[in-house]
Amino acid sequence: MSNINQLINELVSYGITSGLVSEDDKVYTINKLIEFFKVEEYSLPTDEMDDSDPRELHSILEDMTEYAIQNGLLEKDTITYRDLYDTAIMGLLTPPPSVVRNKFKELYESGKDGAKKATDFYYNFSKATNYIRTDRIAKDEKWTTSTEFGDIDITINLSKPEKDPRDIAAAGKAKKSGYPACLLCRENEGYAGHFSHPARQNHRIIPITLDGDQYYLQYSPYVYYNEHCIIFNEKHIPMAINRSTMKKLLSFVELFPHYTAGSNADLPIVGGSILSHDHFQGGGYEFPMVRAPFEESFTVSGFEDIYSGIIKWPMSTIRLQGKDIDRIVELADKILTSWRGYTDEGAFIFAETDGVPHNTITPIARMRKAGDANNQLDAEQDVYELDLVLRNNITTDEHPLGVYHPHAEYHHIKKENIGLIEVMGLAVLPARLKKEMALLEEAIKEGKDLYEDEALQSHAEWAASFLPKYGYRVDKWTDDAGDHIKALSNEMEGGASTEGLHKFIQDEIGFVFSGVLEDAGVFKRTDEGRGAFRKFIASIK
């Protein structure tokens, strides 16, 4: 479709239907789009156009972008420039911040379930404006794997577009801008962006106050899970884990009891990707970690009103439940302070080496509902819950990326930092795995040498280790040409179906992720490790 008049009418109709444009603003919006596309002759829609079935937003925007390319309105035909362009289009339909904030406040204060009504509106709004590109999110591959720690969630992230080499080259030559200071700063709201900074004309943020400080709520444009939100500080200041962090997280779930909120750790390796700007993440999603039961409980003197314990989880986690936020914060701060200075050479835990600190915490807050089997404090009342995941970022010659980091045997699947989302049991795996796993599946079915394809070489030994579990006979040998691995046959009765093999590979990826989380655990799940964990708990004073 190349009729720009029809496309403008189609987009404005979408804007009215989705609630972005009011009928009072219809003509105004049409005129803004006419100006944007430099249209010299415009015609109102015919009845036939009005009666046509509405198309999805991404299809309309794709056609508008094609029109711009054909008519010299778009500088370059790359993914980055296309995204900049269609975001500018949506910016013309997106209401100003004051309108969005007033609507959010009105819903929040509307009575029972007001908080959920407000976030439902805001999330749907963020999708309607194409800030959250739902057509790309739908491409993500997701599944669940059953492990000894319960079901864990796996996703291969395909929603974030790969950079065009031309854009990468251009970004490398460009003069760096200090505005906005980073992707989280409030100055991104409405910002036009450029080829090294995404456009945000359709981006709106919601102000909230946490422990006396100004923060803003927004959703992640690449939602890795339902209602994946980001809560960021008004100021561009570094992340820090301290007493106030705990208070802010619990205050957030007090404001939005249907959401989880957590913070990445504040040290490299065990921290998140953006340590330069104080922020948290949360959302309306039940992470696998939530379902982890208590394995044992303990009491810290003076905090008998707080139910405290260790949970059954691959990473070393203390869970606190209480009815008073300040009391939980006080105990959490005591635990954090103890951990910051804790050394146990026998367990290879060092608070610092050569003056460099290693110990920190990944904290996660939520409400635990009355009647929930994991509510150990009060079966008849909702309670606040705070998970404190003990982290350490020490490195060695054997593990240069981190002792408590995915070890080399798992790097073919997951090499990146284990941040907040992974800590809670959701693996966010690189897009390359979709293609590599498809090639692996094909090679296994056809009995190909797994070392023949360069993309499969890193997966060959791993595949050889798990295939016998599923009835495959694996041959391994080495000759002058190098190493060889073949899955020569499937000896299971009737053979494994294509669907069955696909599920086997998915499950094995899930088992790798479970192993990755165990690598990140500072106290291992052995008798010796459990004893070392209890030793730390006994040191809390």
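Q: What is the relative accessible area of Tyr-108?
A: Keep in mind that this is a predicted model: local features need pLDDT of at least 70, side-chain atom pairs count only at pLDDT 80 or more, and totals for chains, interfaces and linings use all residues. Residues are numbered from 1 along each chain as its sequence is written, and side-chain values use heavy atoms, leaving out hydrogens and water. On the accessibility scale, buried is under 20% relative accessible area, exposed is over 50% and partly exposed is in between (1.4 Å probe, protein chains only). Tyr-108 counts as partly exposed, because its relative accessible area is 29%.

Q: Which helix holds Tyr-108?
A: Helices here are DSSP runs (H or I, at least four residues; strands are E, at least two), numbered from the N terminus. Look at residues 97-108 and you'll find Tyr-108 in helix α6.

Q: How far apart in space are Tyr-108 and Ala-118, C-alpha to C-alpha?
A: Skipping residues up to four places away in sequence, Tyr-108 touches Gly-114, Ala-115, Ala-118, Leu-255 and Phe-256, where contact means heavy atoms within 4.5 Å. Ala-118 is 10 residues from Tyr-108 in sequence, yet their C-alpha to C-alpha separation is 5.1 Å.

Q: Why do α1 and α2 count as oblique, or what is their angle?
A: Helix α1 (residues 4-18) packs against helix α2 (residues 26-36) with the axes 10 Å apart. Axes are fitted to C-alpha atoms over the stretch in contact, with angles from 0 to 180 degrees between N-to-C directions. Under 35 degrees is roughly parallel, over 145 roughly antiparallel, 65 to 115 roughly perpendicular and the rest oblique. So α1 and α2 are oblique to each other, at an angle of about 140°.

Q: What is the angle between α1 and α4?
A: Now follow α1 to helix α4 (residues 57-70), where the axes are 10 Å apart. The two helices are roughly antiparallel, with an angle of about 150°.

Q: Which residue forms a cis peptide bond with Tyr-179?
A: Look in the loop between α9 (165-173) and β3 (206-210), which is where Pro-180 sits. The cis bond there has an omega of about -15°, and it joins Tyr-179 to Pro-180.

Q: What is the relative accessibility of Lys-38?
A: Lys-38 lies in the loop between α2 and α3 (47-51). Its phi is positive, about 55°, although Lys-38 is not a glycine. Lys-38 counts as exposed because its relative accessibility is 62%.

Q: What is the relative accessible area of Asp-354?
A: Asp-354 also has a positive phi without being glycine, near 55°. You'll find Asp-354 in the loop between β11 (352-353) and β12 (356-357). Asp-354 is exposed, with a relative accessible area of 81%.
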